[in-house]
Amino acid sequence: MAHPLDAVQWALHYPVLIDLHSWFGHENQSPEVRHAIGLYQQGKLAKALAELKLLPAEALTADVLILRSELLLTAGRVEEALPDLQRAEQLEPGNSDALALRAMVFVTQNRKQEALTLAEQAVQNNPASSTARLALSYAQQAHFQIEAALASIGEAVRLDPQNALAWARLAELQMSAGKSDDALQSANRAVNLNPDLSRTQTVLGFAHLLQIRTQQAEAAFSRAIALDQADPMPRLGIGIARIRENRLEAGRIDIETAASLDPASSLIRSYLGKAYFEEKRYPLADTQFDLAKTRDPNDPTPWLYDAIQKQTQNRPVEALSDVQKSIELNDNRAIYRSQLLLDQDQAARGSSLARIYDNLGFEERALMETAKSLSFDPASHSAHRFLSDAYANVPRHEIARVSELLQAQLLQPVNVNPVQPRMAVADLNLITGTGPSAPGFNEFAPLMERNKAQLVASGVFGNRGTFGDEVVLSGVYDRASVSVGQFHYQTDGFRPNNDQKHNIYNAFMQYAVTPDLNVQAELRRREKRHGDLLMDFNPDRFSGVRRLNLDEDTARIGAMYRISPRQNFLFSTVYTHQAADVIEDLGGDFPFYGNQRSHGYQVEVQHIFRKERLNVVTGGGIYRINLTDDFRKNADPLVCMVIGGCEKLGSDREQNTAYLYSNLNILRNTVATLGFSYHGYSDSAGNINRKISEVDPKIGLQVDFHKNVRLRMAWFEALKRDLIGQATIEPTQIAGFNQFYDEASGTKSRRKAVGLDVHVTSAVYGGVEVSERNLDVPVIAIDPVIGAPDRDYYWERQREQLFRGYVYGTLRPNWAVAIEPEYEKFDRREFSPDQPVSIHTLRAPVSLNYFNSNGLWAKLTGTYVMQDVKWGRLDADTGLDWVEKKDSDFFLLDMIAGYRLPGRRGLLSFEARNLLNKHFYYRNQHLYLSEPALPRYVPERTLFARITLNF
């Protein structure tokens, strides 16, 4: 039976196995043979073969036959090479070199078991043969055994330290294992031993390319092409190098040449498709991805890049299918990558899947997939970046959002999307850079990042004086990336004193000192002005005097050092200066003035260790801040008596933290998270020195009972710390459950949670989640007799319960449906005249999404909300507690329609919230926040028009 590859045997490229330049360079060879070798050394392969064809039968010794078969394989003429190998084995039965060459034929033809058997036999017949060990390394790699292949080629180098091919092969495998520095040393050694061998120059080119040394890489690839014009790999390499230098057309032409030399290579066609994608020639990219899938149905690479292209073309339903296929095939890349890098690849692909889920409106599924990615690889910058983006609109997740962004920045390679002031348009450019972050031999996605500048500008316009804009100019050049940006937003709000204005200015620079050491610096200026943002059930219940004016300047320096492919070290230090002017309401629009100034620093370090079936994150930090509270503006004696004196107070706050988180994959399809965190806190103010010290346990479990059924469980404790900029590099989630909420500093929490996620069919997903948080919240104690604060705390007990589920479905190829019912309960024991004692809220949103490949998209969401709120009161006559209860229910209709501009040039959209203009009562779903937040729903119709342009 003819196999499809048999029809293109001439196009299969067989790597050179025997260092012909040294092996046959002996004086005992005939002049004809030496002349043929000389022609080969000059790159005249056809003439060398013609010379050898003319040799008489008596001159065809086993060595000569092996020589001729090697040259024939180099030309892809396997049908002519095999008889020579068979004849050589007849002349010298068990000849290890002949067996090694036959093993290479089977490796190239994907007959892996036969290849391994022959290579092992070659080593057994001649244990001192470096050629046999070289063949064995290829056969082991074909069986996904990178570490074993490294051991074999290491032995080959030891046996024959002058073998240039062995050193080149060692460099390849070191790149596959992520050891770029070692690979460059080995490649240089190979070239020094034999600079006239195409293979050594090719490997040296890739070793330089991995370290973003494009000029050196181009020189090596050019030399390799001159030495062997039939080899597609240097053509691919020089194409990628030129694309990296932003010579896109020239690079694409080189990759086209590589594809013509090896049309059966799925890998080359995948990168040719990616080059067409960069040129925005989408039909040609489609063709190449389809050809790549056909040539090698087991290669995940074209499925991933096709998914990325489809998502940017407004085809997320089709993209979802492709990226799932890429993840399913991920382990097939073990022929190119170590297990460590495979885990990183799977994490990156999982992050891509999460972004597609998010695009479809499948929020819960996206968060679950990200948790899965981070359990595989806690150093995945793309997973951290997605999690940050996903938290942008989730209430009380501000700490988690900015913390995940900080971790993503520290871990990210140099790229053209380093940071955005407010991350308003993450989808446009981030998705195009998704994929494995660590380059290696046969994994070149990170190298397709081009030297270029990029401008992204967005604006939003709406009713009630709403206006906003964000402009980000960024660029990447070789090992450096820079970004400067500005964000502005203002609105009058839906009622008096509900206005707000925000300005953020940001400058960022990152530089790769070496491939293993990244340093970065960031300056940020934040200005915030707003009135009373709280919606306290009744929209007409608000303060007319409450205001906040905040100015904050922050400077940050960070670094990431890759100690080894398995270990990363992170460093982050932040300095801040903050000035806040506050007007609070003592009741009846009676103002109380406060002025706070603070300055201090926060230093954190983290070590990430990854091994097969295990990763460990350890770290710690210190926080030092000096605060000055000035109440002297309050001139009213009654106000001064209530607050305990109108004076200027100073305090010093210190925090020390340490933590350890481990993810263990000892049992198949099971990830257990075990860890703890230690927090020591002290606050010195006047004569009071408050200290807190505690150790918080962390336990999580994720079990895949089936590839479509995932159970997640967690139990952990946490402490809400003071943080500069609300950010930390400590892990924010365990098994997909967030542990850092925006709440009062010093709050102690204990959370129990369980979730079940099911992939019912290829188009239907479902899940449920139940969790409970028990809180001890520090509240300033007030003396009930004289009303003066004693500047101490009592602990208020609170409980939060969350029950939610989801059902998602895709209706090919254009429709997606999302149903996400949620019931949330907030309860506390103590009564307060201003705060509710319980808030019970049922939300039941149903969304219908439409996507068209011409760029149009739309989303219609209907949300039913039912809420019960209770307030506690102290009866002045009887001294008894009593409860005031109010409830509300309403239905909201939201609509958004948009258009993706062709060529990834931008987005246009129009959004209407509360389209039916429903007026309702609603209470924000929280009791205490560290900073005021907007209500989730607004009892007025709100209209927005948005535009984003990408240059």
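The largest nonpolar core of this predicted model has 128 residues. Those with the most contacts inside this core are Leu17, Leu71, Leu236, Ile255, Leu360 and Phe362. A nonpolar core is a set of buried Ala, Val, Leu, Ile, Met, Phe, Trp, Tyr and Cys residues joined through side-chain atoms within 4.5 Å. Buried means under 20% relative accessible area, exposed over 50%, and partly exposed in between (1.4 Å probe, protein chains only). Helix 6 gives the most to this core, with 9 residues. A second, separate core has 19 residues, including Leu410, Ala727, Ile734 and Phe737. In soluble globular proteins, nonpolar side chains tend to be buried together.

Residues are numbered from 1 along each chain as its sequence is written, and side-chain values use heavy atoms, without hydrogens and water. Because the model is predicted, local features need pLDDT of at least 70 and side-chain atom pairs count only at pLDDT 80 or more, while totals for chains, interfaces and linings use all residues.

The protein chain contains 25 helices and 27 strands. Helices (H or I, at least four residues) and strands (E, at least two) are DSSP runs, numbered from the N terminus. Of the 951 residues in the chain, 58% count as buried. Contact means heavy atoms within 4.5 Å. Among contacts between residues at least 6 apart in sequence, 63% join residues at least 24 apart.

Phenylalanine 362 illustrates contacts of this kind. Residues up to four places away in sequence are not counted here. Phenylalanine 362 then touches Tyr357, Tyr765, Tyr808, Gly809, Thr810, Ala816, Val817 and Ala818.

Helix packing was examined next. Axes are lines fitted to C-alpha atoms, for helices over the stretch in contact, and angles run from 0 to 180 degrees between N-to-C directions. Helix 6 (residues 96-108) and helix 7 (residues 112-125) have axes that come within 8 Å and cross at roughly 165 degrees. That makes helix 6 roughly antiparallel to helix 7. Angles under 35 degrees count as roughly parallel, over 145 as roughly antiparallel, 65 to 115 as roughly perpendicular and the rest as oblique. The crossing of helix 6 and helix 7 is left-handed. A crossing has this hand if the near helix is turned anticlockwise from the far one by less than a right angle, and is right-handed if clockwise. On the helix 6 side, the residues in contact include Leu99, Ala103 and Phe106. Their partners in helix 7 include Ala115, Leu118 and Ala122. By class, this contact has 9 nonpolar, 3 polar and 3 charged residues. Ala, Val, Leu, Ile, Met, Phe, Trp, Tyr, Cys and Pro count as nonpolar, Asp, Glu, Lys and Arg as charged, and the others, Gly among them, as polar.

Helix 7 also packs on helix 8 (residues 130-142). Their axes come within 8 Å and cross at roughly 155 degrees. Helix 7 is therefore roughly antiparallel to helix 8. This crossing, too, is left-handed. Helix 7 contributes residues including Leu116, Ala119 and Val123, and helix 8 contributes residues including Ala132, Leu136 and Ala139. The contact of helix 7 with helix 8 has 10 nonpolar, 1 polar and 3 charged residues.

Helix 12 passes helix 13 in a left-handed crossing. The contact divides into 8 nonpolar, 7 polar and 1 charged residues.

Two residues in loops have a positive phi. Lysine 280 has phi near 65 degrees, although not a glycine. Lysine 280 lies between helix 16 (266-278) and helix 17 (282-295). Its relative accessible area is 30%, so lysine 280 is partly exposed. Asparagine 917, also not a glycine, has a phi of about 55 degrees. Asparagine 917 sits in the loop between strand 25 (906-913) and strand 26 (922-923). At 26% relative accessibility, asparagine 917 counts as partly exposed.

Glutamate 822 is found in strand 21 (residues 822-828). Its relative accessibility is 10%, so glutamate 822 counts as buried. Leaving aside neighbours within four places in sequence, its contacts include Arg804, Arg843 and Arg936. Valine 779 belongs to strand 18 (residues 764-782). Valine 779 is buried, with a relative accessible area of 14%. Its C-alpha atom is separated by 9.5 Å from that of glycine 746, 33 residues apart along the chain.
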